[in-house]
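Subject: Structure handover

Hello,

Here is the structure I said I would pass on. Please open it first, then read my notes below.

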Amino acid sequence: MKNIILKNGLLGGLIVSIIMISMTSYMKYNPQYEPSSFMGFISIFVANIFVVLGIKQHRESNLGIISYGKAFQTGLLISLITSTIYVGVWLIIYYNFFPDFMDRYGEMVLKNAKPDELAKKTIDIQQMKEWYKSPIMIIILTYIEIYPIGILVSLIAAFRLRKKAN
(Lines give C-alpha, C1' and ligand atoms only; values in the text may rest on other atoms or scores of the structure.)
Protein backbone atom coordinates (compact mmCIF):
# COMPACT_ATOMS: atom_id res chain seq x y z
CA MET A 1 0.00 0.00 0.00
CA LYS A 2 2.80 2.44 0.87
CA ASN A 3 4.38 1.96 -2.56
CA ILE A 4 1.07 2.67 -4.30
CA ILE A 5 0.49 5.82 -2.26
CA LEU A 6 4.03 7.10 -2.71
CA LYS A 7 4.20 6.37 -6.45
CA ASN A 8 0.85 7.97 -7.23
CA GLY A 9 1.49 10.95 -4.94
CA LEU A 10 4.85 11.58 -6.61
CA LEU A 11 3.37 11.30 -10.11
CA GLY A 12 0.51 13.66 -9.23
CA GLY A 13 2.97 16.11 -7.67
CA LEU A 14 5.22 15.92 -10.72
CA ILE A 15 2.37 16.63 -13.14
CA VAL A 16 0.95 19.59 -11.23
CA SER A 17 4.42 21.01 -10.57
CA ILE A 18 5.53 20.85 -14.21
CA ILE A 19 2.42 22.73 -15.26
CA MET A 20 2.86 25.26 -12.43
CA ILE A 21 6.50 25.84 -13.42
CA SER A 22 5.44 26.35 -17.04
CA MET A 23 2.66 28.77 -16.16
CA THR A 24 4.81 30.71 -13.70
CA SER A 25 7.64 31.01 -16.23
CA TYR A 26 5.16 32.19 -18.83
CA MET A 27 3.83 34.82 -16.44
CA LYS A 28 7.30 35.98 -15.43
CA TYR A 29 8.63 36.37 -18.98
CA ASN A 30 5.37 37.57 -20.58
CA PRO A 31 3.94 40.02 -18.07
CA GLN A 32 1.56 41.47 -20.65
CA TYR A 33 -0.35 38.18 -20.85
CA GLU A 34 -2.47 36.70 -18.09
CA PRO A 35 -1.90 32.98 -17.49
CA SER A 36 -4.97 30.81 -17.68
CA SER A 37 -6.64 30.03 -14.36
CA PHE A 38 -8.51 27.33 -16.24
CA MET A 39 -5.21 25.64 -17.07
CA GLY A 40 -4.21 25.74 -13.41
CA PHE A 41 -7.43 24.05 -12.34
CA ILE A 42 -7.10 21.46 -15.10
CA SER A 43 -3.58 20.62 -13.90
CA ILE A 44 -4.90 20.09 -10.37
CA PHE A 45 -7.64 17.78 -11.63
CA VAL A 46 -5.19 15.87 -13.86
CA ALA A 47 -2.89 15.41 -10.86
CA ASN A 48 -5.83 14.03 -8.91
CA ILE A 49 -6.36 11.30 -11.49
CA PHE A 50 -3.56 9.60 -9.57
CA VAL A 51 -5.83 9.53 -6.51
CA VAL A 52 -8.33 7.45 -8.47
CA LEU A 53 -5.62 5.25 -9.97
CA GLY A 54 -4.03 4.74 -6.55
CA ILE A 55 -7.29 3.68 -4.92
CA LYS A 56 -7.97 1.31 -7.82
CA GLN A 57 -4.45 -0.16 -7.58
CA HIS A 58 -4.85 -0.58 -3.81
CA ARG A 59 -8.13 -2.40 -4.36
CA GLU A 60 -6.59 -4.69 -6.99
CA SER A 61 -3.61 -5.49 -4.75
CA ASN A 62 -6.13 -6.53 -2.08
CA LEU A 63 -7.87 -9.14 -4.28
CA GLY A 64 -10.41 -6.62 -5.57
CA ILE A 65 -11.68 -5.66 -2.11
CA ILE A 66 -11.39 -2.27 -0.39
CA SER A 67 -13.50 -0.60 2.25
CA TYR A 68 -14.65 2.98 1.92
CA GLY A 69 -12.40 3.96 4.84
CA LYS A 70 -9.27 2.38 3.36
CA ALA A 71 -10.02 3.82 -0.07
CA PHE A 72 -10.57 7.28 1.40
CA GLN A 73 -7.38 7.03 3.47
CA THR A 74 -5.41 6.01 0.37
CA GLY A 75 -6.83 8.95 -1.59
CA LEU A 76 -6.12 11.43 1.20
CA LEU A 77 -2.51 10.30 1.53
CA ILE A 78 -1.93 10.48 -2.22
CA SER A 79 -3.49 13.97 -2.23
CA LEU A 80 -1.33 15.02 0.69
CA ILE A 81 1.87 13.94 -1.07
CA THR A 82 0.79 15.64 -4.31
CA SER A 83 -0.14 18.81 -2.44
CA THR A 84 3.09 18.84 -0.44
CA ILE A 85 5.16 18.59 -3.62
CA TYR A 86 3.10 21.40 -5.14
CA VAL A 87 3.66 23.60 -2.07
CA GLY A 88 7.38 22.79 -1.96
CA VAL A 89 7.88 23.59 -5.64
CA TRP A 90 5.95 26.85 -5.25
CA LEU A 91 8.14 27.88 -2.30
CA ILE A 92 11.28 27.19 -4.35
CA ILE A 93 9.91 29.17 -7.31
CA TYR A 94 8.69 32.05 -5.18
CA TYR A 95 11.75 32.54 -2.99
CA ASN A 96 14.42 31.79 -5.60
CA PHE A 97 13.06 32.79 -9.00
CA PHE A 98 9.99 34.98 -8.66
CA PRO A 99 10.11 36.96 -5.40
CA ASP A 100 8.14 39.81 -6.99
CA PHE A 101 5.28 37.49 -7.90
CA MET A 102 2.70 39.27 -5.72
CA ASP A 103 3.58 42.66 -7.20
CA ARG A 104 3.27 41.35 -10.75
CA TYR A 105 0.17 39.34 -9.98
CA GLY A 106 -1.40 42.37 -8.29
CA GLU A 107 -0.66 44.59 -11.30
CA MET A 108 -2.18 42.01 -13.64
CA VAL A 109 -5.33 41.60 -11.54
CA LEU A 110 -5.86 45.34 -11.16
CA LYS A 111 -5.16 45.99 -14.84
CA ASN A 112 -7.84 43.46 -15.83
CA ALA A 113 -10.38 44.49 -13.16
CA LYS A 114 -13.63 46.11 -14.20
CA PRO A 115 -14.01 49.69 -12.89
CA ASP A 116 -16.74 48.70 -10.43
CA GLU A 117 -14.53 45.90 -9.03
CA LEU A 118 -11.31 47.91 -8.78
CA ALA A 119 -11.70 49.03 -5.15
CA LYS A 120 -12.49 45.51 -3.91
CA LYS A 121 -9.71 43.93 -5.98
CA THR A 122 -7.24 46.49 -4.63
CA ILE A 123 -8.17 45.57 -1.06
CA ASP A 124 -7.93 41.86 -1.89
CA ILE A 125 -4.48 42.25 -3.46
CA GLN A 126 -3.24 44.30 -0.48
CA GLN A 127 -4.44 41.51 1.85
CA MET A 128 -2.68 38.87 -0.26
CA LYS A 129 0.55 40.91 -0.23
CA GLU A 130 0.31 41.15 3.54
CA TRP A 131 -0.24 37.40 3.85
CA TYR A 132 2.70 36.71 1.52
CA LYS A 133 5.05 38.38 3.99
CA SER A 134 4.78 35.24 6.15
CA PRO A 135 6.16 31.88 4.91
CA ILE A 136 3.55 30.07 7.01
CA MET A 137 0.75 31.96 5.26
CA ILE A 138 2.26 31.19 1.85
CA ILE A 139 2.26 27.50 2.76
CA ILE A 140 -1.32 27.61 4.04
CA LEU A 141 -2.60 29.55 1.02
CA THR A 142 -0.83 27.21 -1.39
CA TYR A 143 -2.24 24.10 0.32
CA ILE A 144 -5.70 25.70 0.11
CA GLU A 145 -5.30 25.92 -3.67
CA ILE A 146 -4.88 22.19 -4.17
CA TYR A 147 -5.65 19.99 -1.14
CA PRO A 148 -9.42 20.60 -0.87
CA ILE A 149 -9.82 19.32 -4.43
CA GLY A 150 -7.81 16.25 -3.48
CA ILE A 151 -10.11 15.66 -0.51
CA LEU A 152 -13.17 15.96 -2.73
CA VAL A 153 -11.73 13.59 -5.34
CA SER A 154 -10.79 11.15 -2.55
CA LEU A 155 -14.35 11.21 -1.17
CA ILE A 156 -15.92 10.56 -4.55
CA ALA A 157 -13.37 7.99 -5.72
CA ALA A 158 -13.53 6.07 -2.42
CA PHE A 159 -17.31 5.91 -2.70
CA ARG A 160 -17.22 4.77 -6.35
CA LEU A 161 -14.36 2.28 -5.98
CA ARG A 162 -15.20 0.65 -2.63
CA LYS A 163 -15.90 -3.05 -2.91
CA LYS A 164 -16.87 -5.47 -0.19
CA ALA A 165 -16.04 -9.15 -0.09
CA ASN A 166 -18.82 -11.43 -1.37
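Lysine 129 counts as partly exposed because its relative accessibility is 26%. The classes are these: buried is under 20% relative accessible area, exposed is over 50%, and partly exposed is in between, with a 1.4 Å probe and protein chains only. The side chain of lysine 129 meets that of aspartate 103 in a salt bridge, 3.4 Å from N to O. Lysine 129 sits in helix α6 (residues 118-131) and aspartate 103 in helix α5 (residues 101-112), so the pair ties together parts that are 26 residues apart in sequence. Aspartate 103 is partly exposed too, at 40% relative accessible area. A salt bridge here is a side-chain nitrogen of Lys or Arg within 4 Å of a carboxyl oxygen of Asp or Glu.

A note on the source: this is a predicted model, where local features need pLDDT of at least 70 and side-chain atom pairs count only at pLDDT 80 or more, while totals for chains, interfaces and linings use all residues. Residues are numbered from 1 along each chain as its sequence is written, and side-chain values use heavy atoms, with hydrogens and water left out.

Other salt bridges

The search of the whole structure finds five salt bridges. One of them joins the side chains of arginine 104 and aspartate 100, 3.3 Å from N to O. Arginine 104 is partly exposed, with a relative accessible area of 25%. Aspartate 100 is also partly exposed, at 29%. Another joins the side chains of arginine 59 and glutamate 60, at 3.3 Å, N to O. Is arginine 59 buried or exposed? Arginine 59 is buried, because its relative accessible area is 13%. Glutamate 60 is partly exposed at 48%.

Overall build

The chain has seven helices and zero strands. Both are DSSP runs numbered from the N terminus: helices are H or I with at least four residues, strands are E with at least two. From the N terminus, the order is α-α-α-α-α-α-α. The C-alpha trace spans about 60 × 35 × 25 Å along its principal axes. Of the 166 residues, 36% count as buried. Take contacts (heavy atoms within 4.5 Å). Among those between residues at least 6 apart in sequence, 80% join residues at least 24 apart.

Surface and charge

The chain exposes about 9900 Å², and carbon and sulfur atoms supply 67% of that. Areas come from the Shrake-Rupley method with a 1.4 Å probe; for residues, only the protein chains shown count as cover. There are 17 positive and 10 negative side chains, with the centres of the two sets 17 Å apart.

Phe38, Met39, Ile42, Val46, Ile49 and Leu53 make a nonpolar surface patch of about 520 Å². Helices α2 (37-47) and α3 (49-61) are the elements that give two or more residues to this patch. The largest share, four residues, comes from α2. Patch residues have over 30% relative accessible area and no salt bridge, and nonpolar side chains are joined within 5 Å. Leucine 53 lies in helix α3. At 35% relative accessibility, leucine 53 counts as partly exposed.

One backbone angle

Leucine 63 is in the loop between α3 and α4 (68-96). What is the phi of leucine 63? Its phi is near 60°, a positive value in a residue other than glycine. Most residues other than glycine have a negative phi. Leucine 63 counts as exposed because its relative accessibility is 78%.

Best regards

How values were computed:
Lys, Arg positive; Asp, Glu negative; His and termini not counted. Charge placed at Lys NZ, Arg CZ, Asp CG, Glu CD. Patch = residues over 30% accessible without salt bridge, like charges linked within 9 Å, V, L, I, M, F, W, Y side chains within 5 Å.
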